[in-house]
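Let's take a walk through a protein together, one step at a time. Have the sequence and the 3D view ready, and follow along as we go.

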Amino acid sequence: MRLRDRDRKTFWLRRRRVYHDAYGEPMAEWEAALPMRVCQQPALPNSDRRIYGLCALERRTLYYDGPEAVLEGDGVCVRSGAAQEPDFCAVKVEIWDGYQRIEIERASGIAQSGRTEGARRSVIRMQAADQVLDERLEAVKLAVRRAAAQAIRLTAEAIAEDARRLAPCESGALRASIEAECTEGTDGSVARVRVGVPYGAAVELGLGGNIPQPYLYPAFAANRERAAQAVHDALLT
């Protein structure tokens with residue numbers, strides 16, 4: 001078969017390059033366009049084209065005797081420009097006497113679908129990574145809350161112990177009524193040192209003409225820096 005120059009048309013060959021993204025997923029894109037001077041004919045004879053109608057326009061046969069080796073999967077720009085996505089794709093390549101017989105059919109966005117699938121997988125992977133990060137952050141927050149609550153509870157117990165030691169002892173009721181109480185709220189842990197007898201404040205402050213006998217504030221002052229350090233250490237461990 002002789003390829004006559006007057007029958008040739010200029011199409012553009014765009015090779016399909018497959019590579020892997022940063023996550024190891026295969027991606028595809030089209031390389032720079034190369035000119036091809038080809039002869040073409042429909043893949044089906046006229047009788048079959050009338051039977052199959054527009055379906056026949058989706059497939060063509062090219063004859064090419066140029067220097068470029070066309071591979072199955074390469075893109076061919078028939079109606080689209082050289083800088084655009086190929087509108088046809090090589091599906092079968094045969095070597096005949098001095099030229100290549102290339103069957104092409106309308107492309108279905110192979111390179112674009114490769115990028116889209118790769119992007120979709122990247123998005124899924126990022127979402128999974130975000131979920132793992134969120135779970136780890138929640139675990140860290142929970143661990144910090146537990147450690148801080150433990151430090152606050154131990155500090156409150158130390159204050160209560162010192163207050164019992166410093167409180168005056170007549171009947172022993174005042175000392176026995178001093179206790180530490182810890183609660184967990186929406187804003188975190190809260191610790192209180194309570195005095196259960198009604199005259200606890202009078203003894204501490206010297207109300208009613210009594211001589212002040214502080215026991216609660218000195219216990220707090222002695223443990224104030226220790227409390228701050230305990231919470232600080234809990235947040236760092």
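How many residues lie between strand 9 and strand 10 in the hairpin they form? There are 2 residues between these strands. Before going on, please keep in mind that this is a predicted model, in which local features need pLDDT of at least 70 and side-chain atom pairs count only at pLDDT 80 or more, while totals for chains, interfaces and linings use all residues. Residues are numbered from 1 along each chain as its sequence is written, and side-chain values use heavy atoms, with hydrogens and water left out.

Strand 9 covers residues 178-185 and strand 10 covers residues 188-195, and the two pair in the antiparallel sense over 8 bridges. Strands count as paired if DSSP finds at least two bridges between them. Within this pairing, I178 stands opposite V195 of strand 10.

Now step back to the whole protein. Its secondary structure comes to 5 helices and 10 strands; these are DSSP runs numbered from the N terminus, with helices being H or I over at least four residues and strands being E over at least two. Of the 237 residues, 29% are buried. Here, buried means under 20% relative accessible area, exposed means over 50%, and partly exposed is in between, using a 1.4 Å probe and protein chains only.

Next, let's look inside. In soluble globular proteins, nonpolar side chains tend to be buried together. The largest nonpolar core has 13 residues, and M36, L62, V70, V76, I102 and I104 touch the most other members. Such a core is a set of buried Ala, Val, Leu, Ile, Met, Phe, Trp, Tyr and Cys residues joined through side-chain atoms within 4.5 Å. A second, separate core of 10 residues includes I159, L174, V203 and A219.

Strand 5 is mostly covered, with 5 of its 6 residues buried.

Which residues does V70 contact, leaving aside its neighbours within four places in sequence? They are L13, M36, Y64, A90, V93, Q100 and I102, where contact means heavy atoms within 4.5 Å.

Now find A167, in the loop between helix 2 (110-166) and helix 3 (173-177). A167 counts as buried because its relative accessibility is 1%. Leaving aside neighbours within four places in sequence, A167 is in contact with L174, R175, I178 and Y215. Y215 is 48 residues away from A167 along the chain, yet their C-alpha atoms are separated by 5.0 Å.

Finally, look at two cysteines. C89 is buried, with a relative accessible area of 6%, whereas C169 counts as partly exposed at 48% relative accessibility. A disulfide is a covalent bond between the sulfur atoms of two cysteines. Taking a disulfide to be a pair of cysteine sulfur atoms within 2.5 Å, the count for this model comes to 0.
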